[in-house]
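Hello,

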Amino acid sequence: MFENKTTGLLLVLPAAVFASVLFLLPVGILLSEGFAGSEGGFSLGAYVEFFSSELNNTVFWRSLRLGLWVMLTSAVIGYAAAFSIVQLSPKSRGRVFALIILPLMISPVARTYAWLVILGRTGLVNQVIVGLGLSEEGLQLLFTETAVFIGLLQLFLPLMIIALISSMENMPRDVVPAARVLGANWFSVFFRVILPLTREGLVVGGTLVFAGSITAYITPAILGGSKVLMLETLLYQRVTVANDYAAASVIAMILVVMSIVTNLLLKRLAKPRNRRA
Amino acid sequence: MKPSSTATGTIIGLTLVFLIGPFIVIILAALTAGNNLAFPPDGLSLKWFIKVFTVESFRISFFISMFLAVFGTLTALIVGVPAAYAIARYDIPGAGAIQLAVSSPLIVPGIIVGLALLRYLVIPTGFTIMAALFLAHAALILPYAVRVVTSSLQNLRVDVEEAALILGCSRLGSFFRVVFPNIRGGILAAFILGFVTSFNQVPVSLFLSGPGVRTLPIDMLAYMETTYDPSVAALACLLAIMSVGIVFLAERFLGFSRYV
Amino acid sequence: MSDFVSVDKLTLAYGDTVAVPELSFGIGKGELIALLGPSGCGKTTTMRAIAGLMTPKSGTIRIDGRDVTRLAPSLREVGLVFQSYALFPHLTVFENVAFGLKMRKAPNIRERVMAGLESVGLRDFANRLTPDLSGGQQQRVSLARSLVVEPKVLLLDEPLSNLDARLRLEMQMVLKDIQKKTGVTMIFVTHDQSEALALADRIVLMKDGRIVQSGLAEEMYSAPRSRFAADFFGFENILPGRDGGLLAWRPTAIRLGDGPHEGTIRGMSFGGDYRTYVIDSALGEIKGSVRAGLPAFGEGEKVRFDLPEGEAVRLEAA
Ligand SMILES: Nc1ncnc2c1ncn2[C@@H]1O[C@H](COP(=O)(O)OP(=O)(O)O)[C@@H](O)[C@H]1O
Ligand SMILES: [Mg+2]
């Protein structure tokens, strides 16, 4: 009864066209604009110019660096947290899991804003620092890479934990106790048993965190300001301050390429898992 | 041979403090009776929560965000449910390319889409910003709607539809009498997920704002740049409470998390 | 042709893979026939085509003189009891059974549904949700749902396979009873020869989408014509005869303890009334049954046996 492929196509086409016309087409035009020479024709001028600016280079490398740091840190914390969570009884595991997912449903503006209160000049952290006599008037924490790093980590850590939990739940039962009985210490249990068996979850979580971090807007906007620009805040600034659409197009290209690469990677790695399930 | 429960408990505790702690800080900070954002709060009062409701731009942008979230999600569902049905039931030619097109809003960073729509739709054709926002939000939600409804459909046996046909239903009739009642939970879950995604969305809306037309999160960002008072903290709390409330109810009545 | 249901040169395919090539058979009004064959031979596919859930590549299907080959399922006046029952999970038992009547805007729905439930013994379950019922109960709801709309033909896909032995017997009674009371033409599918024999007036035996043999149940049981049919109906010993033709014996037709041949007992299975021995011999593997009361043979024991030609069924070649 579902043999008629034309019917299927007609049902799915509006959605495909809707998404393509609104998302793919305009973005395609925007990207192509980055290759237009000043007198028409093809040119890489915009790219050469973009990367000849020191600020742009700084922002580009900063975005990659912060993305990597956030990814690595969330992996370390994520493993510890996920491994601890899967040890819980099913009931409390469900509760903790819900608490981990909860922040994902809350406005990122709200989530990031909280750090202003914590990291501000008279914020919680500085009160502790001054109180302990470590510094006279507190440290400049806001509008630093550290602040952006902390904000991004809080934003994306849940994704890593969720990915690792689901791949740990798919580990064969009792491999960890078995390895311990065989005399492995926690160090070798992690590197010889847990890591190889959860590699997929790590890659899924890692790419989500990395892609999320380098394409973040809200966190660098609130916690980094104009001092710590990242790719998207730079794009916003180039357009609103300088009307520099060539630079915008180059940044857009960087973001799109990163996003596509990440998604391809995810697809490849997520596939065998579905087949097994 | 398990790791000690003190160790795992500590790790979980610290992680939750890091993830959830800031919300508690901001709730307390918003309850301050003073005029500055501070922690611990300078006395307790609800005045900043009340202030939020008196800021006119917040009121306007709240309704804009609500409108986008509700009607954008409905539009996404109207377009997305038939697509999900086709994906779940038919062997569509070119399925890969079509899936890619439908999920493109998940892949293309939103800020670029906003900019591109502004430059190539709003400016040259005189399309209103509100209309562009609406379409962009609907398209943004589309992949979530399609994904959730597809998996809901995959859990419904195909033969009940066949039984309905044999008992005298038309194809459309069997969709509304048999399929729809059985995927209602999935559609509701898709609605909630779409609503929350749209309501919290920033990047797509960033460039799509103009005089009097701003979504709430964009308005908050703008307000923050000029005013450093606790009203944004209070608003952030209200939004967090709203999201948590919605998700809590959805989980309670739908088992929401299995759809996400 | 005066057949009530007739299937003529029906070819059914999934994509480019032909599952059923040029199938033809006919059924008289009020007959109860079994489509019998091993799993994957195309029985379900054939049923789905008769019900209109699958469009044939070629061929025609007629019901009560009307060509229904291209007709929508809703207009064919057939009932189908799915192997999985396919009950509507969001509806109660009553609503499930009433569904087809509502579609037809029939009068007296309440009475007809209750009568339908009565006939399958589920009157007291009217307000239950279907996922809460046992498999056997679900099947009876499905049967009542198909019957209340008074179809011209009732199709049943493996109606007995998912039931335990006791329920199976009960269901056989219910089906026979329905046939007697309503006179509806019934086609049921099974892969189990004993079910077909117990229930059907006539059996259509299929293999790889083709009909191997069809006929009255008793005729099929006692006179299979091909090796496949003989094997299917329990003639486990098939050997070439002196004239080059094939002869087939049931294990019970083999005489053990005495005879011209000799073999070694390799194994035994106990089947209640009979013990069936597997014997290695110069003729190949022979299966012979002996009444359980008689003295048993031991494993590895030499045994003499006879293949009485009078008890054999002569098969057409292959
Ligand atoms: N949906 C399908 N797609 C492709 N091939 C199918 C499908 N359903 C059944 N087949 C094939 O058609 C043949 C007949 O199947 P079926 O009618 O289900 O057999 P039966 O009911 O006799 O067990 C089998 O070879 C089976 O593999
Ligand atoms: Mg079958």
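**Notes on the model**

A:Ile29 sits in helix 1 (residues 5-33) of chain A; helices are DSSP runs of H or I with at least four residues, numbered from the N terminus. This is a predicted model, in which local features need pLDDT of at least 70 and side-chain atom pairs count only at pLDDT 80 or more, while totals for chains, interfaces and linings use all residues. Residues are numbered from 1 along each chain as its sequence is written, chains are lettered from A and ligands numbered from 1 in the order in which they are written, and side-chain values use heavy atoms, with hydrogens and water left out.

With a relative accessibility of 37%, A:Ile29 counts as partly exposed (buried is under 20% relative accessible area, exposed over 50%, partly exposed in between; 1.4 Å probe, protein chains only). A:Ile29 also belongs to a nonpolar surface patch with A:Leu13, A:Val17, A:Val21 and A:Leu25, and together they have about 400 Å² of accessible area. Patch residues have over 30% relative accessible area and no salt bridge, and nonpolar side chains are joined within 5 Å; a salt bridge is a side-chain nitrogen of Lys or Arg within 4 Å of a carboxyl oxygen of Asp or Glu.

In chain B, the axes of helix 10 (residues 216-226) and helix 11 (residues 231-254) come within 10 Å and cross at roughly 160°. That makes helix 10 of chain B roughly antiparallel (over 145 degrees) to helix 11 of chain B. Of the 11 residues of helix 10 of chain B, 8 are buried, so this helix is largely enclosed by the rest of the structure. Among the buried ones are B:Leu216, B:Tyr223 and B:Met224.

Regards

Notes
Patches are made of residues with over 30% relative accessible area and no salt bridge: like charges are joined within 9 Å, nonpolar side chains (Val, Leu, Ile, Met, Phe, Trp, Tyr) within 5 Å. Accessible areas come from the Shrake-Rupley method with a 1.4 Å probe; for residues, only the protein chains shown count as cover. Helices (H or I, at least four residues) and strands (E, at least two) are DSSP runs, numbered from the N terminus. Axes are lines fitted to C-alpha atoms, for helices over the stretch in contact, and angles run from 0 to 180 degrees between N-to-C directions. Angles under 35 degrees count as roughly parallel, over 145 as roughly antiparallel, 65 to 115 as roughly perpendicular and the rest as oblique.
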